[in-house]
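Please look over the sequence and the structure before reading on.

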Amino acid sequence: MDINKRVDELRSRMADNDIAVSFISNYDDQYYLSDYKTIIYSRPILFAATMDKSYMIVPGLEEDHAKSMAQVNEVFTYYEHPEKTSLGDSPFFFIDKILSGIPAGSKIGVEFGAIALSLAQYFTDKGYVLADVGDVVKEMRYIKSDEEIAMMVEAGKLVSEAMRISLDNAASGVTEMEMDAFGNTYLFEEVPKRYPNATLDIFVMSPGGLARTNMPHVFSNTRKYEENEIVLHSRQVGLNGYRAEIERTFFIGDPSAEQKHVYTVMTQAQQAMLKAIRPGMTAGEADMSARKIIQDAGFGKYSNHRAGHGIGLGLHEEPYLRFDSDLVLKKGMAFSIEPGIYIPELGGFRFSDTVILTDGGSMKITNCANTLEELTF
């Protein structure tokens with residue numbers, strides 16, 4: 001990834017707004033700007049950029065990891081054990097070092113949606129003026145580079161195959177967690193063969209039954225599927241941080257006539273949105289290309305979330321495809337297309353596929369069974 005180009009773009013936006021230094025708190029944004037991402041963030045970690053240097057501030061237990069991975073000019077390490085605290089015992093020791101020579105009254109860039117209140121107060125107590133750069137980094141992440149798209153395409157292949165394998169094992173008596181495990185086992189076995197030294201992120205949930213499929217985001221548990229049951233199987237795979245998503249609603253035993261009707265409306269809405277989405281339309285128009293079909297069928301009040309969301313480094317990230325958004329879509333944006341319908345007495349119905357916007361249209365990077373016949377077991 002061209003990290004230097006990304007940091008230079010941030011600096012350009014900082015210069016336009018007279019911002020002397022930026023401190024980035026959101027871990028996906030830190031990864032985007034440094035190529036460094038750790039596992040646990042119980043201790044403060046910050047990325048910082050001035051007009052000529054970039055830094056990571058990390059705790060001692062992350063020192064080796066940051067120095068081996070972070071594409072920055074300098075890694076500053078603060079310590080929590082008495083043998084080394086004289087070298088710096090908190091992130092503020094190094095924040096002050098970066099701020100030395102930057103006079104009070106200067107603007108400091110921070111992410112208003114991510115910064116800890118204690119850190120914001122620290123800056124303002126010293127007389128600095130806070131300026132939001134959160135939207136700047138979000139907008140930089142909107143458009144995926146060719147390298148990012150290539151990684152997402154590979155993730156799309158992996159998540160599609162994991163979905164297929166889990167579906168092949170769908171049956172009454174299988175637990176939700178076992179449903180997750182079928183595809184996960186494939187991923188744990190296959191990724192090391194095809195992608196040496198790669199990192200793998202997995203998100204999966206497989207709720208079954210009327211009540212649980214009406215919860216759009218719920219962890220899988222040990223509950224066993226029963227005969228004549230609806231299931232919503234959802235997967236994301238992140239390869240070296242870059243994600244693709246696929247979701248399918250399926251049935252164990254024959255669905256009722258009412259369930260078949262709702263299922264048909266949902267799939268028609270998703271297919272219409274997949275066909276319609278393209279650069280030049282607004283995010284609101286994209287949402288409504290699916291929502292209008294759901295509304296016309298009388299199910300509008302049961303479609304209680306956006307019809308799609310951005311995807312990349314984050315499970316959900318901007319831009320969001322919401323009915324009232326006038327954001328104009330552009331080539332290189334990536335989205336999960338996922339209109340859903342949730343009716344308490346019938347169950348939750350949702351398909352999701354990941355697309356990358358191209359000249360004049362979109363490229364779908366996930367693929368799996370999508371007909372009622374294929375998804376009835």
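Two strands are said to pair if DSSP finds at least two bridges between them, and helices (H or I, at least four residues) and strands (E, at least two) are DSSP runs numbered from the N terminus. The model is predicted, so that local features need pLDDT of at least 70 and side-chain atom pairs count only at pLDDT 80 or more, while totals for chains, interfaces and linings use all residues. Residues are numbered from 1 along each chain as its sequence is written, and side-chain values use heavy atoms, with hydrogens and water left out.

**The open sheet**

- Strand β3 (residues 54-59) pairs with β4 in the parallel sense over five bridges, and within β4 the residue opposite Tyr-55 is Glu-74.
- The open sheet to which these strands belong has six strands in the order β4-β3-β2-β1-β5-β6, and its pairing is mixed.
- Its edge strands, each pairing on one side only, are β4 (74-78) and β6 (129-132), and the twist averages 25° from one strand to the next.

**Helices on the sheet**

- Helix α1 (residues 3-16) packs on the sheet and touches β1 (19-24), β2 (46-49) and β3, its direction making about 65° with that of β2; axes are lines fitted to C-alpha atoms, for helices over the stretch in contact, and angles run from 0 to 180 degrees between N-to-C directions.
- Helix α4 (residues 91-99) also packs on the sheet, touching β1, β2, β3, β4 and β5 (107-110), and its direction makes about 140° with that of β4; contact means heavy atoms within 4.5 Å.

- Strand β8 (residues 229-239) is largely enclosed by the rest of the structure, because eleven of its eleven residues are buried, where buried means under 20% relative accessible area, exposed over 50% and partly exposed in between (1.4 Å probe, protein chains only).
- Strand β7 (residues 200-205) runs antiparallel to β8 and is joined to it by six bridges, with Ile-202 having Val-237 as its bridge partner.
- Eleven bridges join β8 to β9, again antiparallel, and Leu-232 stands opposite Thr-249.
- The hairpin of β8 and β9 has two residues between the strands, and in this hairpin Asn-240 takes a positive phi near 50°.

**Glu-247**

- Glu-247 lies in strand β9 (residues 242-252) and is buried, with a relative accessible area of 3%.
- Its side chain makes a polar contact of 2.7 Å with the side chain of Ser-234, and another polar contact of 2.7 Å joins the side chains of Glu-247 and Arg-350; a polar contact is a pair of N or O atoms within 3.5 Å, of which, within protein, one must be able to donate a hydrogen and the other to accept it, and residues adjacent in sequence count only if both atoms are side-chain atoms.
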